[in-house]
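Please look at the sequence and the structure before reading on.

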Amino acid sequence: MAYLLLAGAILSEVLATTAMKYSDGFSRLWPSVGTAVGYVLAFVLLAQTLKSMSVGTAYAIWAGVGTALVAAIGMVFLGESASGLKVVGVVLVIAGVVVLNMDGAH
């Protein structure tokens, strides 16, 4: 169940960050509302995850997967550069999450 809650937290954070891109500096109402709601939901779900998973493991997965997904969304859908160096960086973030998670969720 912890991993399901964590997946929801990651999805909420990624959607909130993507909405923030469209909020135009919080000058557009609905993307701004989506950003706020998404981040609140992300933190609520992350807090629930921490009831049964170590903070180091949960945060590493949340931050790493969220970062990788937002970078991928930027490159694929938002026209951001997809340089080899950027792709290597994303791979290294994912590798770091895997290594930190090797100890398991406690």
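## Helix packing

Helices α1 and α2 are roughly antiparallel to each other, because an angle over 145 degrees counts as roughly antiparallel. Their axes cross at roughly 160° and come within 7 Å. Axes here are lines fitted to C-alpha atoms, for helices over the stretch in contact, and angles run from 0 to 180 degrees between N-to-C directions. Helices are DSSP runs (H or I, at least four residues), numbered from the N terminus.

The model is predicted: local features need pLDDT of at least 70, side-chain atom pairs count only at pLDDT 80 or more, and totals for chains, interfaces and linings use all residues. Residues are numbered from 1 along each chain as its sequence is written, and side-chain values use heavy atoms, with hydrogens and water left out.

The axes of α1 and α3 come within 9 Å and cross at roughly 40°.

| Pair | Axes come within | Crossing angle |
|---|---|---|
| α1 and α2 | 7 Å | roughly 160° |
| α1 and α3 | 9 Å | roughly 40° |

The crossing of α1 and α2 is left-handed, meaning that the near helix is turned anticlockwise from the far one by less than a right angle. The crossing of α1 and α3 is right-handed, for which the turn is clockwise.

Contact means heavy atoms within 4.5 Å. Among the residues of α1 that meet α3 are Leu6, Ala9 and Ile10, and the α3 side includes Ile61, Trp62 and Val65. The residues of this contact divide into 12 nonpolar, 3 polar and 1 charged. Ala, Val, Leu, Ile, Met, Phe, Trp, Tyr, Cys and Pro count as nonpolar, Asp, Glu, Lys and Arg as charged, and the others, Gly among them, as polar.

The largest nonpolar core has 14 residues, and Leu6, Ala9, Ile10, Leu46, Met53, Ile61 and Trp62 have the most contacts inside it. Such a core is a set of buried Ala, Val, Leu, Ile, Met, Phe, Trp, Tyr and Cys residues joined through side-chain atoms within 4.5 Å. The elements giving two or more residues to this core are α1 (2-22), α2 (29-49) and α3 (55-77). Its largest share, 5 residues, comes from α1.

Is Thr35 buried or exposed? Thr35 is buried, with a relative accessible area of 3%; buried means under 20% relative accessible area (1.4 Å probe, protein chains only), exposed over 50%, and partly exposed in between. Thr35 is in helix α2. Not counting residues up to four places away in sequence, Thr35 touches Ala16, Ala19, Met20 and Phe26.

Key. Parallel < 35°, antiparallel > 145°, perpendicular 65-115°, else oblique.
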